[in-house]
Amino acid sequence: MKSRKAFMVISLIAFMVSFGCVYANAIALPEGTDLIAGVITEINSKDALIRVDGQPYYFKDVSVMDTMLKTKNISTNQKVIVFYKKDGDKKLIVNIEINRQKDLY
């Protein structure tokens, strides 16, 4: 009888873990990181910045920018989610992802 209860509890825990893993799209980011979703309106490799809906977001340097945009296949007029940290008056990009979420309207 005890083994049956133990089996049921383990099965329930395994189901909850597998269900959570399937629907989790969490990204581990440093503390103090904010995000914004929008459309890239400009990519400026001279200043290592992109503009999302007109607002500037900066990369550490041009090589980081080129690598991140090329590996993730990101270009202008594309919906993205930008994860950034505020550094004084600049918003430094920590990560950038293509926004694959469908619009509801």
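Guide: Helices (H or I, at least four residues) and strands (E, at least two) are DSSP runs, numbered from the N terminus. This is a predicted model, in which local features need pLDDT of at least 70, side-chain atom pairs count only at pLDDT 80 or more, and totals for chains, interfaces and linings use all residues. Residues are numbered from 1 along each chain as its sequence is written, and side-chain values use heavy atoms, with hydrogens and water left out.

Visitor: Which pattern does the chain follow along the sequence?

Guide: The chain has two helices and five strands. Read along the sequence, their pattern is α-β-β-β-α-β-β.

Visitor: How many bridges join strand 4 to strand 5?

Guide: Two strands pair if DSSP finds at least two bridges between them. Strand 4 (residues 79-87) and strand 5 (residues 90-98) run antiparallel, and the bridges joining them number eight.

Visitor: Which residue in the turn of the hairpin formed by strand 4 and strand 5 has a positive phi?

Guide: Two residues lie between strand 4 and strand 5 in this hairpin. The positive phi, about 70 degrees, belongs to Gly88.

Visitor: Why does Asn44 count as buried?

Guide: Asn44 is found in strand 1 (residues 34-44). Buried means under 20% relative accessible area, exposed over 50%, partly exposed in between (1.4 Å probe, protein chains only). Asn44 counts as buried because its relative accessibility is 18%.

Visitor: Which residues is Asn44 in contact with, leaving aside its neighbours within four places in sequence?

Guide: Contact means heavy atoms within 4.5 Å. With those neighbours left aside, the residues in contact with Asn44 are Leu49 and Met65.
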